[in-house]
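I opened my notebook to look a few things up in this structure. My entries follow, in the order I checked them.

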Amino acid sequence: MAEKYDVTGMSCAACQLHVEKAVAKVPGVEAVSVSLLTNSMTVEGSAASGSIIKAVENAGYGASIAKEEQDKPEDKETTAMVRRFVISLIFLVILMYIGMGHMMWGLPVPGFLSSHAATGISEMILTVLIMIINRKFFISGFKAISHGSPNMDTLVALGAGASFLYSIGALFLLLRSTAEGDMARAGMLGMDHMYFESAAMILTLITLGKTLEAYSKGRTTDALRSLIKLRPQSATVERDGKTLSIGINDVRKGDVFIVKPGESIPVDGVIIEGSTAVNEAALTGEAIPVDKKEGDEVYTATINTSGYIKARASRVGEDTTLSQIIKMVSDAASTKAPIGRIADKVSGIFCPVVIALSVLTFAGWMILGAGGNTAFVRAVSVLVISCPCALGLATPVAIMVGNGLGARNGILYKTAASLEEAGRTAIVTLDKTGTVTNGLPVVTDIFEEDGVTKERLLEVAASLESKSEHPLSKAIVKYASENGTEIFDVEDFKAVPGRGLQAGYSGKMLYGGNSEYISEYADVSDRMKAEAGRLAEEGKTPLFFAEEGKTAGIIAVADTIKDDSREGVRQLKGMGIKVVMLTGDNEKTAAAIGKAAGVDNVIAGVLPDGKEKEIRSLQEEGRTAMVGDGINDAPALTRADTGMAIGAGTDVAIDAADIVLVKSRLTDVPAAIRLSRATIRNIHENLFWAFFYNVICIPLAMGVYQALFHWDFEMKPAVGALAMSFSSVTVCLNALRLNLFRLYDTAGDRKVKNRRSKIRDIRTKDDNIESMKEEGKMTKTMQISGMMCAHCEMNVKKALEALDGVASAEVSHEAGTAKVELTAEVADDVLKAAVEEKDYEVTAIN
């Protein structure tokens, strides 16, 4: 079980690594991840929280069990840093005026500061004040070095402290020479050997850098904070016949709540009274309101734009959709991307190496005869110009911004690793029903026979189908109702399983069903037969209708592909990604849908655990992502390198996935991959800058370039401190550029070459059945009548797979069979009862 902690006292990547190492040693800890960006830690294992907190405290830091994101106070770090910087700056300006105002700019100074001794004492006092204001650097830095893990604060404390102590020594010699009357020596010492202004400037400029860094880091978590602010604070509920306004935390599951126009929906629920339009932009990014009626779900933080509604609470507190999104975004920020490991390794040895280089610099220049003053300045410059923070922030700030941008657009990455992995996808595998298609049958084509109007064909069909509960019947009735068709009551209704329907009206007989059934009661023309054949080839189900011995026409019904499916597939192919459709449907229907969507390959007739095997096989050819929405997709989602769950899918699928697409649009798949690629590119830029800065600037501070190329340049500690401050800020600002990234813009797409072998040709259900047989599982074949379409197949399939002991069921309405794979013995009566409960007839079980 993973538990989250808040960690205090960390200032750089070295701190982060030290906390990780300390906690990893605690018995019972299986995994630990520390985030410098969010100052949080996630620990997996059985270790007690007390032991973990103690380990962190023994390492020199603070820890506590994390509060819920929505209960955390507003960030006060930036405000405190600004206050520190402003006060430090005021004292620094006074110090610089005293030390350099008269000499450099001829500015007047008070008479009591006319001597070197008085000026030195004044500078010392002002520097002490600045050191007190910024004492956190010294406390944290020396505490870290006492635990054997120097960090950025250690470098700052050593640099500023060394400058201060060196200046104290010079001031003491100056005062002694003045007291002894040795004015010549006092004049030689003067102010040239005092670096109070350097110590003060180092601390002030580093504080400026940390202030800007804190602000930039805060901006990277804007998306998370904006989500938290969306959470309503109160709700109007009905209890015991009274209408009450209560706090959001007091709403219970099952409560009936009221939402008026313009109000936010307080918790997730189902409408029980009224209808309205709801703006769901807070969750999906879509600004167009969605119509809602009785029985429809509504979600917390969305806005009721028009009607007055009552709804029953279905999910409250941490279980609401908004709370789950907040948790996903927060958890992703607290995890680590694999790409950040190299920075972690470098950070672990960075500070000790810098301290050693500083000592080496001092010794080297002393040996070369440059003098103690020059050697000292360069040694201090090495300490303060080095920047471990940029290394530590390079990955997490980009991950946080990318994750936040995804959340604002309805794309939720559960971990940093999933955000990184998605961009490397070479193959995308799509489930058909509910992912590529809408998952509901609709009327697609109408062909009336000569002499029959379209209106009359619809009247006959809708009136006949209105008595049936079959999904295809509901599609026809819905279409007729939407088009204003009159539906009349029929008599003597009779359903013939697997063939069709018949009923009487005004003394006439009406018939509907497949061509064989209708041919028994009416002549079917060659034109109608040809149209039916063409429709079947397109994966549609042609239904014939006849009235009193004369064919009225054909109405075709099919599960149509979503409006954005073709565009989503086109974008994926434009990114160099192979697209495979994986489905349990029959080959003819699957091939028709696959062709319409434009996928590269179709693998049809796949059993549920066969999907997982297909994913494993595809992974041999490239990094594979699986997109699905059903319970039967969960094993494949887990097996894939990246699992993407459609937001409208089942909870099981969402739990198994690495990425959740809230808007249930296929175009969000390429958008998720596109955003991942942009984030990884941003991380590469950050890491390059972090390494490049240190590789270039540390030798510059050491004087290496001056010695090699005879440059007339000497790095001052104050300049080094300024450079170090802006190095971290540069990394944060570069990460913030991701907020400008247009994740639905295809202009920047480029194809990524997959070095592995090409994808195989189409696989069919026969291949999958054979692989199942090889494993020796028990198989029963059921003969079933009454199935007419793919939706019948899905009804039977779900009914069988819900039984204990049934591994999978492969159903065909064309063959009238269900091949059931068993992991344990299941009685024939149990199998038969499950199917017949769905109004189909089982004629035999072999």
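**Two loop residues.** I started in the loop between β11 (297-298) and β12 (303-304), where A301 lies. The model is predicted, so I read its angles as computed values. A301 has a phi near 75°, which is positive although the residue is not glycine. Most residues other than glycine have a negative phi. I then asked: is A301 buried or exposed? A301 counts as buried because its relative accessibility is 4%, and the cut-off for buried is under 20%.

Next I went to the loop between β26 (659-661) and α26 (668-702), where I found S664. Its phi is near 60°, again a positive value in a residue other than glycine. S664 has 15% relative accessibility, so I noted it as buried.

**Confidence.** I looked up the pLDDT before going on. The protein chain averages 82, and 88% of the residues score at least 70. Where does pLDDT stay under 50? I found residues 755-776 there. The model has 49 contacts beyond four places in sequence for this stretch. Where pLDDT is low, the predicted coordinates should not be read in detail. I left that stretch alone.

**The sheet.** I traced an open sheet of seven strands. I wrote down the order as β14-β26-β25-β24-β15-β22-β23, with mixed pairing. Which strands stand at the edges? They are β14 (411-413) and β23 (601-603). Each has a single partner strand, so one side of each is left without a neighbour in the sheet. On average, neighbouring strands here are turned by 20° against each other, direction ignored.

I picked one pair to follow. Strand β15 (residues 427-431) runs parallel to strand β22 (residues 578-582). Five bridges join the two. I looked for the partner of I427 in β22 and found K578.

Then I did the sum for helix α18 (residues 471-482). Its twelve residues should span 16 Å at 1.5 Å a residue. The end C-alpha atoms are 17 Å apart, which agrees. The buried residues of α18 are L472, S473, A475, I476, V477 and A480. I looked just past the helix as well. G484 follows α18 and has a positive phi, near 70°.

**A buried arginine.** I found R378 in helix α13 (residues 372-385). Is R378 buried or exposed? R378 counts as buried because its relative accessibility is 3%. I then noted what R378 touches, leaving out residues up to four places away in sequence. The list is T361, W365, A701, M702, G703, Q706, F713 and E714.

**Cysteines.** I ended with the sulfur atoms. How many disulfides are there? The count comes to zero, because a disulfide needs a pair of cysteine sulfur atoms within 2.5 Å. C15 has 0% relative accessibility, so C15 counts as buried. C697 is at 14%, so C697 counts as buried too.

Technical notes: Residues are numbered from 1 along each chain as its sequence is written. This is a predicted model: local features need pLDDT of at least 70, side-chain atom pairs count only at pLDDT 80 or more; totals for chains, interfaces and linings use all residues. Side-chain values use heavy atoms; hydrogens and water are left out. Buried means under 20% relative accessible area, exposed over 50%, partly exposed in between (1.4 Å probe, protein chains only). Helices (H or I, at least four residues) and strands (E, at least two) are DSSP runs, numbered from the N terminus. The expected span of a helix is 1.5 Å times one less than its number of residues. pLDDT is the predictor's confidence in each residue, from 0 to 100. Contact means heavy atoms within 4.5 Å. Two strands pair if DSSP finds at least two bridges between them. Axes are lines fitted to C-alpha atoms, for helices over the stretch in contact, and angles run from 0 to 180 degrees between N-to-C directions.
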